Amino acid sequence: MAEAEAPERRGGGTEEIAFEEAGLRYEVDGEIATITLNRPGKRNAQTFATWSALAGIGENLPERVRVVVVKGEGPSFSAGIDLRMFTPEGVPGQGSFGSVARQDSDSLDRRIEQAQQGFLWLRRPEIVSIAAVQGHAIGAGFQLALACDLRIVADDVRFCMKEPALGLVPDLTGTKPLVELVGLAKAIDLCLTARVVEAQEAYRIGLAEQVVAPAELARAAHDKAAQLLSTNRDAAVATKRLLQGARLRTLEEQSAAERTEQAARLRALFAGS
Ligand code: CAA
């Protein structure tokens, strides 16, 4: 995989880094990190460099960060993978799907796994990730929104899982959250028809927590971040851990997990009293 170009640092008080080749901007302001897909002229199309840069952000996220906002510059959140990947020439420095497909099985598996690393870290219990989504969120764009814990959408949002229409499967970690959010039948409907889901349906089926006017999207994401920061940090981390594990556990196991987490909380809160 091609690595993202060396990041270019900017700004003063807040830490801001531009990953030019990857089409990303990254900013940390106190406990909030903001990742902006920043190729609006190409509708924030994503490449392997984008995913590599996302993974790098995840690996180096400052410990103080509690909320990560993922947003897109311009009219669309993201039009998905850069369509140049489907051409013989591919994306300069990153190859094409043709060249990727000719790799041996282990290399191919590793390449997809590396791409997935850009998405997986957004679920860590230590953070809450919010996707602020306007306009098109297609393919990899839809999956990036799905990788986040919460989705706040503008009323012009258009989600589309385009991969099956292009002969591919959604492989950027989106299938599990999609099924968990909307159920198997609806996930089959959305993916196997590659149809567009607009804002009201997204809200109704659980894809979006909140629908706002496009001009209100940034404010809504900021307000949600502020609400999330208003609770106790360690309790928030422990609670997210509990909630994430709930589906996989029996009621008895979940009750036991609650006891374990609460015992740790009580000890921490009342240590020395
Ligand atoms: N890759 C590369 N360039 C893209 C792009 C993409 N996915 N989507 C848009 N662009 C470019 C266009 O080529 C155009 O560039 P120029 O101005 O240089 O011609 C520019 O962005 C603006 O595009 P449009 O004029 O088409 O903008 P629009 O607002 O009218 O339409 C759109 C927006 C509906 C998103 C449309 O651009 C579109 O359908 N894009 C392709 C979407 C797509 O099929 N994505 C692949 C999804 S599958 C996936 O993501 C697979 C995976 O993960 C493995």
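Q: Is Asn-44 buried or exposed?
A: Asn-44 counts as buried in this predicted model, because 30 C-beta neighbours sit inside 10 Å and the cut-off for buried is 20 or more.

Q: Where is Asn-44 in the fold?
A: Asn-44 is in the loop between strand E4 (32-37) and H1.

Q: What about the phi of Asn-44?
A: Phi is near 55° at Asn-44, which is a positive value in a residue other than glycine.

Q: And Ala-194, what is its phi?
A: Ala-194 has a phi near 55°, again positive and again in a residue other than glycine. Ala-194 is in the loop between helix H6 (184-193) and strand E10 (196-198).

Q: Why does Ala-194 count as partly exposed?
A: Ala-194 has 15 C-beta neighbours inside 10 Å.

Q: Switching to the ligand. Which residues come nearest?
A: Ala-45, Ala-79, Gly-80, Gly-139 and Ala-140 come nearest, out of 19 residues around the ligand.

Q: How does that shell split by class?
A: The shell around the ligand has 10 nonpolar, five charged and four polar residues.

Q: Ala-140 is in that list. How covered is helix H4 (residues 140-147)?
A: Helix H4 is mostly covered, with eight of its eight residues buried. Among them are Ala-140, Phe-142, Gln-143 and Leu-146.

Q: Why does Gln-143 count as buried?
A: Gln-143 counts as buried because it has 26 C-beta neighbours inside 10 Å.

Q: What does Gln-143 touch?
A: Leaving out residues up to four places away in sequence, Gln-143 touches Phe-119, Pro-170, Leu-172, Thr-173 and Gly-174.

Q: How many Å separate the C-alpha atoms of Gln-143 and Leu-168?
A: The separation is 14 Å, and Gln-143 and Leu-168 are 25 residues apart along the chain.

Q: Now the core. How many residues are in the largest nonpolar one?
A: The largest nonpolar core has 66 residues, and those with the most contacts inside it are Val-69, Ile-130, Val-133, Ala-145 and Val-153. Helix H1 (residues 48-59) supplies the largest share of this core, seven residues.

Q: What does Ile-130 touch?
A: Ile-130 touches Val-67, Val-69, Cys-148, Leu-150, Ile-152, Ala-221, Lys-224 and Ala-225, not counting residues up to four places away in sequence.

Q: Lys-224 is on that list. Where does Lys-224 lie?
A: Lys-224 lies in helix H8 (residues 217-229). With 19 other C-beta atoms within 10 Å, Lys-224 is partly exposed; buried needs 20 or more.

Q: Which residues does Lys-224 touch?
A: Beyond residues up to four places away in sequence, Lys-224 touches Ile-130, Leu-150 and Ile-152.

Q: Next, Arg-66. Where is the place of Arg-66?
A: Arg-66 is in the loop between H1 and strand E5 (67-72). Arg-66 is partly exposed, with 19 other C-beta atoms within 10 Å.

Q: Which residues does Arg-66 touch?
A: Glu-31, Ile-127, Val-128, Leu-228, Leu-229 and Arg-233 touch Arg-66, not counting residues up to four places away in sequence.

Q: What is the domain assignment?
A: The assignment gives domain 1 (8-230) and domain 2 (232-273). The contact takes four residues from domain 1 and five residues from domain 2. On the domain 1 side, two are nonpolar, two are charged and none is polar.

Q: How many Å separate the domain centres?
A: Taken over C-alpha atoms, the centres of domain 1 and domain 2 are 29 Å apart.

Q: Last one: what pLDDT does the chain average?
A: The protein chain averages a pLDDT of 94, and 95% of the residues score at least 70. Over residues 1-12 the pLDDT is below 50, and this stretch has 29 contacts in the model beyond near neighbours in sequence.

Q: And what ipTM and pTM for the complex?
A: The predictor gives an ipTM of 0.98 and a pTM of 0.95.

Technical notes. Residues numbered from 1 in each chain as written. Predicted model: local features only at pLDDT ≥ 70, side-chain atom pairs only at ≥ 80, totals over all residues. Near = placed C-beta within 6 Å. Nonpolar A, V, L, I, M, F, W, Y, C, P; charged D, E, K, R; others polar. Core = buried A, V, L, I, M, F, W, Y, C linked by C-beta atoms within 7 Å. Buried ≥ 20, exposed ≤ 12 C-beta atoms within 10 Å, placed from the backbone. Helix = DSSP H or I, 4+ residues; strand = E, 2+ residues; numbered from the N terminus. Contact = placed C-beta atoms within 7 Å. Domains from an automatic or database assignment. pLDDT = per-residue confidence, 0-100.
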